[in-house]
Number of protein chains: 2
Amino acid sequence: MHVTSEQRLDDGVLERAFTLGEIPGILWTPEAASLSAPVPLILLGHPPLGLRKMYARLAARARQSAAEGFAAATIELPGSGDRPGWPALDQARADLRRTMQAGEPVSDGIVDALVLPLVDKAVPEWQAALDAFLSLPEIGGPVGYSGGVISLGIRLAVVEPRIVAAGLFAGSLVPRVMFEEARQVTIPLHVLLQWDDEGNDRQAALDLFDAFGSQEKSLQANMGGHTGVPQFAGDAAIQFFARHLTSGRAVRSAGQGS
Amino acid sequence: MHVTSEQRLDDGVLERAFTLGEIPGILWTPEAASLSAPVPLILLGHPPLGLRKMYARLAARARQSAAEGFAAATIELPGSGDRPGWPALDQARADLRRTMQAGEPVSDGIVDALVLPLVDKAVPEWQAALDAFLSLPEIGGPVGYSGGVISLGIRLAVVEPRIVAAGLFAGSLVPRVMFEEARQVTIPLHVLLQWDDEGNDRQAALDLFDAFGSQEKSLQANMGGHTGVPQFAGDAAIQFFARHLTSGRAVRSAGQGS
């Protein structure tokens with residue numbers, strides 16, 4: 001992990017831009033992180049629009065996390081932002097755009113082509129990034145995953161045991177095979193659904209929520225479109241992480257001792 | 001309002017049992033209520049099982065409300081508890097029990113007979129009780145309604161302008177006509193749904209949520225059966241009221257001044 005720039009934000013949060021191999025990313029740590037015990041971490045998911053474009057929203061979420069005493073971090077998705085172009089992904093995006101503009105139903109083939117290669121490629125990258133974050137003395141876990149491409153969150157929740165809780169955003173196209181993976185998820189989940197999300201099939205989102213195997217899963221549905229998540233819903237998501245990443249710390253160390 | 005007994009609970013909450021005409025009820029006020037400005041009020045709804053049977057759960061909700069600085073109050077439903085029997089209601093209950101034990105679908109007729117007369121009779125009683133509560137110097141509003149028979153909450157939200165926010169529990173049989181009334185509800189709503197509620201039709205609950213006319217409405221669905229509402233969901237409901245009954249005070253007084 002090579003830090004390329006760092007700045008202290010006005011609330012004391014330390015923001016570090018870095019590269020991990022060729023992958024750019026950003027890490028935010030609360031002011032107190034260097035002074036006290038290692039802090040939990042929230043991985044910030046985001047749509048594949050490039051970190052530069054998503055920066056303002058990511059930084060706001062990171063600062064909210066830092067206010068709860070958590071570090072937050074994210075990396076660029078394959079084919080997005082400053083990373084090398086990915087012609088197959090661009091093709092899938094163009095197919096989706098064309099289909100939606102024509103008012104036609106989005107086929108399973110388009111959704112699969114758009115999401116599955118992205119998840120396959122991104123998951124090991126996020127796991128490698130997690131290795132790097134957890135090797136820093138100021139970050140100790142446990143780790144949560146929050147938002148972004150929901151299929152990435154599902155896959156990570158299944159394959160990455162260091163992630164103990166996930167806040168997912170039911171706002172993107174979900175390949176059918178991910179419903180099967182959803183049944184294998186057992187960590188606590190907090191799922192946000194925008195009831196009038198223009199880019200999302202509400203019934204599919206409810207079916208996906210139903211499919212999750214987790215014993216503790218909570219669906220919070222609010223009015224409004226894709227980007228209209230109300231402030232109080234963001235607060236509730238942070239409280240979810242506060243509940244699981246704080247009490248989880250004790251549970252984890254108890255487990256590690258046995 | 002005739003106070004029949006009063007006691008100070010260990011957290012300082014003053015609990016007063018009263019009768020209002022022939023209707024028994026309970027009022028809880030936070031310790032600070034007599035010392036500072038008049039406090040907001042939450043009307044505690046409950047299923048028609050009698051206040052005595054529901055006391056422990058009601059008192060717990062009241063104490064949680066008091067911890068946020070709110071008074072809480074409830075009255076006995078018609079035909080329940082110590083109130084005179086209501087043969088038609090008993091008949092409707094017996095019909096429902098028989099139908100469910102036989103594993104037959106519950107007809108609209110049974111639901112209507114069970115709920116509509118109860119709502120028709122209870123609503124003016126709750127409004128009269130509200131008059132009495134708000135005439136006390138320590139209670140100033142605004143007023144929220146919470147839980148219990150959801151159709152009572154819907155009707156009150158439509159007809160009673162002093163109720164500015166409602167936390168509803170999607171856990172009871174809802175007559176079809178109430179879906180029409182739901183469209184007329186415009187106050188902020190926080191709707192709890194137990195995903196695996198054995199006595200509740202999940203799809204009907206989602207349809208009802210969709211029908212509400214409120215611009216701010218939030219559905220919180222959690223795992224578990226009818227009585228398995230997790231602690232954090234109760235906390236979230238209290239936060240909903242804190243948001244609306246506290247900021248609402250300023251909004252209301254601004255409105256009253258114009």
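User: How do you know what area is buried between chain A and chain B?

Analyst: Buried area is the accessible area (1.4 Å probe) that two parts lose on being put together, summed over both. For chain A and chain B that comes to about 1,600 Å², with carbon and sulfur atoms giving 56%. In chain A, the residues losing the most area to chain B are A:Trp195, A:Met223 and A:Phe232, together 31% of what that side buries. A word on the source: this is a predicted model, where local features need pLDDT of at least 70 and side-chain atom pairs count only at pLDDT 80 or more, while totals for chains, interfaces and linings use all residues. Residues are numbered from 1 along each chain as its sequence is written, chains are lettered from A in the order in which they are written, and side-chain values use heavy atoms, leaving out hydrogens and water.

User: Why are β9(A) and strand β9 of chain B said to pair?

Analyst: Two strands pair if DSSP finds at least two bridges between them. These strands are joined by 5 bridges and run antiparallel, so they pair by that definition. One of the bridges has A:Asn222 with B:Ser218 as its partner.

How values were computed
Helices (H or I, at least four residues) and strands (E, at least two) are DSSP runs, numbered from the N terminus.
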